Amino acid sequence: MSKINHECGIAAVFAKNKKENIIDKLIFLISALQHRGQDSCGIAYIEDNKIKNKTALGLIKDNFSNFNKKSYAAIAHTRYATVGSVDIKNAQPYYFSNVALCFNGTIFDSLKYKNILQNAGYNFDTNSDSEIILKWLFFKIGDDLSNWTPDKIRNILNNDFKDKAYSLLILLNDKIFAFKDVYSYRPLVFVETENEYCILSEDCLDNKNVIKKIELKNGQGLEINSRGYSFSKKAQNDNTKKCVFEIIYFASKKSNVFDLNVKEKRILLGELLAKDDNIQADIVVPVMNSGFWGAFGYSRERKIKLSFAIKNNKNILRTFIEKPKTRLNMVDDKYSIIDYKVKNKNVVVVDDSIVRGHTVKKISSLLKSAGAKSVHFRLFSPPIVNVCHWGVDISNRDELLAYKYKSKDNEIIEKLGVDSIKYISDELFYSVFDKNYWCSNCFKMN
Ligand code: SF4
């Protein structure tokens, strides 16, 4: 994919024994979510009964490797900026008046809330949605933090932000709260281990020392304190709108998300794509990383050799996370081809999706220059033809290749320099992602 933008990673850890220091564990967990955003990062933690907050631009490893703090409860964030610029002032956790908040999502009509808050006398330090959410809670509940109960916060969020997509964490007094939006657009999982309670955007932990893992339900809240944890009621609706891109692209291939194993789902999608395809090919080549397990499934189903002919420059982070100005250059530098693997071969390339087509065009040209006889792109999601209002930065419809060229396949093939292109059929895709429970707005033409 070449690529769409989203995302943030959020994580929290609360020690069962308040004498334990959980900072290293939290840094380990938020680092495992680094793929969800690399603009900025931060940790808010309890020290001497006060909340301290440190934020920085860039990666966790560059800013928190020598973070010698001690705390029994802390929350962390790694940010991709969908709203607000890449600026230290927009880095999270956002801290205000003894409360820290980490937010993964978007409020698409945030100005509406901001205007109400400004009229009520609130000033704003940042351009981020996190500040709006936190100040909205102050506006609704007041400054006395003893009134900030999970049920009260949950009701405000579920009523006032019911059509928004988010997962969020709050650190206040000696508690951590977690909340998920009414339709469960974004994932959030609670994990109890022998020594800690954790909350994570993705379940990227192995099962060592794990006692239980519970994905939060839509509209549900969670409180962790020194007496343990408790979940509040979920929202009343049963239809969810989980974002399919969490599975097909955003999440680490090692994670479980929304109670599903990312790797297994990608393999299945690749197999389904293969069952519906009869192109003659000598090798199947994955676009790393998110295309890998789909390519594996395709190759296994069609019994065509899997070949790692595209090298991924590991120093170039995922292109979808970058801004348009730099994206093209990054796609240019990101891939190289191992020539002898593709020379005189008919090549099927498997990736998760196409957004603007930059990656497809570049890879196709590299493969042809390396001597490939033919290049056939296979995608395990349907064409992206619509924008996203729920935090994934597909904001300009005219940039989307499949929207621009509609069903003019010949023009797309010519523009991208490939010999053929084929997406998984709607029927097969929705046999995996039931429309009653998964958002698929970006695949809808109308
Ligand atoms: S529109 Fe697409 S990217 Fe946005 S939440 Fe829905 S499935 Fe995810």
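1. The centres of domain 1 and domain 2, taken over C-alpha atoms, are 34 Å apart. The bounds, 8-240 for domain 1 and 261-433 for domain 2, come from an automatic or database domain assignment.

2. The model is predicted: local features need pLDDT of at least 70 and side-chain atom pairs count only at pLDDT 80 or more, while totals for chains, interfaces and linings use all residues. Residues are numbered from 1 along each chain as its sequence is written.

3. Helix α1 (residues 23-32) has 7 of its 10 residues buried, so it is largely enclosed by the rest of the structure. Buried means that 20 or more other C-beta atoms, placed from the backbone, lie within 10 Å of the residue's own. Helices (H or I, at least four residues) and strands (E, at least two) are DSSP runs, numbered from the N terminus. Among the buried residues of α1 are Ile23, Leu26 and Ala32. The buried residues pack (C-beta atoms within 7 Å) against β1, β2, α2, β4 and β10.

4. An open sheet of 5 strands runs β18-β17-β21-β22-β23, with parallel pairing; two strands pair if DSSP finds at least two bridges between them. β18 (305-306) and β23 (420-423) are at the edges with a single partner strand each, so one side of each has no neighbour in the sheet. β22 (residues 374-379) pairs with β23 over 4 bridges, and arginine 378 has lysine 422 as its bridge partner in β23.

5. The ligand's surroundings include Tyr185, Phe245, Trp390 and Asn441, where near means a C-beta atom, placed from the backbone, within 6 Å.

Note on methods. Buried ≥ 20, exposed ≤ 12 C-beta atoms within 10 Å, placed from the backbone. Contact = placed C-beta atoms within 7 Å.
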